[in-house]
Every structure is written in structure tokens, then in C-alpha cells.
Amino acid sequence: MSDPMPETPTDTPPEPAAPAEPAPLGVVRTPTGNAGVDALLERLADADHLAADGHTEVYEDVHRGLREALDALDAGPAPAPGPAGVPPYDHRS
């Protein structure tokens, strides 16, 4: 009686799994009531369709826009224009 031959490993390595396709995270973005900020928050949805290495550009763009919106709030409203031809009062004595 002869012993069965042992199985020999194949020389072909297994094929690597294909990377998963980008998929939405399903994060709910609640409107703020500020049109500019809401548009920036909606821009975050662009990352749902990108591979992970593309997220940084979207996040940096949104962060820059939100920073500008905050800076505008800190600046306060622009001074009201005076009558035409009258220079603004500069509070000097």
C-alpha cells in the first residue's frame, strides 16, 4: 500500500481583494439657517463619492469657508455710508 501524495502548495499567490467603492457615510447635515454655511455643509457630501485620499481637499475647502464665515462675524457690520460727498466722521479731536 502506498501513501497518498501530500498536496503541494500552488505557486500562484491569491489575488488581492479589490478596494471598496466610495460609499456615503449617511451623516445628517442639519441646516443652520445661514445660506453660506449651509452651502459649505452640503459641500461635505462631495466627500461621499471620493476615495479616502480625496477627502482632505473637500474638508480643507469647507474648513476655509467656515473660518471665513466666522471671521466675517467677528468683523461686524460694515459702517453705513454717509451722504454723497461727505467724508466719514473719524472721531479725532
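Guide: What follows is a close look at helix α2, with the rest of the protein as background. The model is a predicted one. The protein has two helices and zero strands, and α2 is the helix that runs over residues 55–75. From its first C-alpha to its last, this stretch of 21 residues reaches 30 Å. That is close to the 30 Å expected at 1.5 Å a residue.

Now the side that faces in. Four residues of α2 are buried, with under 20% relative accessible area: His55, Val58, Val62 and Gly65. These residues lie on the same side of α2, because the arc they cover around the axis is only 110°. The cover over them includes α1, which spans residues 35–43.

The side that faces out comes next. Glu57, His63, Glu68, Asp74 and Ala75 are on the other side of α2, and these residues are exposed, which here means over 50% relative accessible area.

At the end of the helix, Ala75 is one of those exposed residues, and Gly76 follows α2 with a positive phi, near 80°.

As for the background, the protein has 93 residues, and 12% of them are buried. Of the contacts between residues at least 6 apart in sequence, 30% join residues at least 24 apart.

Notes: Residues numbered from 1 in each chain as written. Predicted model: local features only at pLDDT ≥ 70, side-chain atom pairs only at ≥ 80, totals over all residues. Heavy atoms only, no water. Buried < 20%, exposed > 50% of the residue type's maximum accessible area, 1.4 Å probe, protein only. Contact = heavy atoms within 4.5 Å. Expected span 1.5 Å × (residues − 1). Arc of directions from axis to C-beta.
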